[in-house]
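This report covers selected local features of one protein model.

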Amino acid sequence: MVGSMDVLQKGGHGINRIDFQNNDYDFLIQIIAEQDAADILEKAMACDLFTAIEEGKSLADLASLLVLDEKGTLLFLDVLDKLGMVISKEGYVCNAPVSTKYLTKASPFDSLNAVKNGEISSMFIAEKLLPMLANIRGNVYLENISKQVLPSEQTFPSVIQDVIMKNDPEISCNHQLPYDLVITGANFATQTETLAPNGIIGVMGTFVDAYSLHTALRLYHSYVNKTDADLLSLKDVTAYFENKQLQHTPLFHLTRDISVIFASKNADSLNRISVTAETQLRAKLSRLPIQSVTTINPNDVVTAHWVKDHCRYGCSSYGEKCCPPNSPTYEETRIKFEGYTRAFLIEGQPPTRDFQHIMLKAEKIAFKEGFYKAFAFWAGPCHICDRCEPPAPPKKCTATRPSMESAGIDVFATVAKYGFHLRTLKDKREFAKYFGLLLLE
């Protein structure tokens, strides 16, 4: 079984949205087409096409740049349009926002060289990390992390130092011990010893617990070429911190491949890391065996009267303890949502009992993190116990929650608003998806 390999045990939980219900041949054709389109994108970057488009060059100028005639240029741009890299409309072509931001020379986030080389841009990492360090003061040490993670020609420390020292005179980056903040990678054990009493260490890199296709390819090529691939183990890092009696944060995902975890001897020091309570909660939930966590607006949840008819007339569990008519009506559900402004849509999979336990655990974690109004809706009739033995009145079971559908929620329409595709299954052998809703506040 391939999944027995350590690097694959938890690969990507909460990072990649993969639709395992997809059995459409068009999906395979799209994958092959995107592979072929890579040559088009490489040529566009090689001749700096996106900068030319941003500068408003004419079609003739672009044709000259690409060494194509007018028709060939239009067909070339059409491929980029279908890739989502440019926008073509009514005879005009402009860069898509992602191209303007990362593939043009005038942009402060220019990452063209890194993308050309299939690397993760230092500027991209800095963009995600710097807001977390907004409240950090004092002496900072930024260790150069693996060249396999970040490009060698633009090291991570130089990018961060240039930005933070320019914007904050209270930060110094010298090599005099001790340090108030250290950002490191696999060398975290050594660097922990250089911290000031209230100092913070951030361990950043690619963790075996969370990565994307980009890293999966890098791991494979490293294996084929018999080279080392630098991966961090969250279990090892946290075990080290706990052994050293350091308090630590959850693992925060900066990108699909790069994550960071902070630790300090002083728990109050970690409050200087600027992350929202919602971000911290998401980080903790991402460690659960779920597919994805998506922030949604409760006002986007679709409720309808017809949904409960499927429970009443189409389900043998009708009348059980957390099913209709014992679950909230769709009107009550709608009123309940009026008291909330944020929620998490949680994607999971069978078995039902496991997913329901996960939703209960997610609710408990949220409550402990300060979301005192946290309330979970799970999927399906209650499967928490092998045998249902309700306590004698007036006591009642406290381990049950209504499913989204039993509370009058149109799950298909709701998840579609956030880019998920959910379809009916033809038989029990097909892959099933579960969705739960965690109301926060």
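In which helix does threonine 238 lie? Threonine 238 lies in helix 11, residues 234-243. Helices (H or I, at least four residues) and strands (E, at least two) are DSSP runs, numbered from the N terminus.

The model is predicted, and local features need pLDDT of at least 70, side-chain atom pairs count only at pLDDT 80 or more, while totals for chains, interfaces and linings use all residues. Residues are numbered from 1 along each chain as its sequence is written, and side-chain values use heavy atoms, with hydrogens and water left out.

**Threonine 238**

With a relative accessible area of 9%, threonine 238 is buried. Buried means under 20% relative accessible area, exposed over 50%, and partly exposed in between (1.4 Å probe, protein chains only). The side chain of threonine 238 reaches the backbone oxygen of leucine 234 at 2.9 Å. Threonine 238 also touches His248 and Ile261, where residues up to four places away in sequence are not counted; contact means heavy atoms within 4.5 Å.

**Backbone particulars**

| Item | Angle | Location |
|---|---|---|
| Proline 324 to proline 325, cis | omega near 5 degrees | proline 325: loop between helix 13 (307-314) and helix 14 (330-337) |
| Proline 350 to proline 351, cis | omega near 5 degrees | proline 351: loop between strand 11 (343-348) and helix 15 (352-368) |
| Glutamine 245, positive phi | phi about 60 degrees | loop between helix 11 and strand 7 (247-248) |

Are valine 67 and glutamine 245 buried or exposed? Valine 67 is exposed, at a relative accessible area of 70%. Glutamine 245 likewise counts as exposed, at 65% relative accessibility.

An open sheet of 4 strands runs in the order 10-11-13-12, with antiparallel pairing. Strand 10 (292-296) and strand 12 (375-377) stand at the edges; each has a single partner strand, so one side of each is left without a neighbour in the sheet. On average, neighbouring strands of this sheet are turned by 20 degrees against each other, direction ignored. Such angles are taken between axes, which are lines fitted to C-alpha atoms (for helices over the stretch in contact), and run from 0 to 180 degrees between N-to-C directions.

Two strands pair if DSSP finds at least two bridges between them. Strand 11 and strand 13 (residues 434-439) pair in the antiparallel sense over 6 bridges. Alanine 343 stands opposite leucine 439 in strand 13.

A disulfide is a covalent bond between the sulfur atoms of two cysteines. Here a disulfide is a pair of cysteine sulfur atoms within 2.5 Å, and by this rule the count comes to 0 disulfides.

Cysteine 322 is buried, with a relative accessible area of 7%, and cysteine 382 is buried with a relative accessible area of 16%.

Notes. A polar contact is a pair of N or O atoms within 3.5 Å; within protein, one must be able to donate a hydrogen and the other to accept it, and residues adjacent in sequence count only if both atoms are side-chain atoms.
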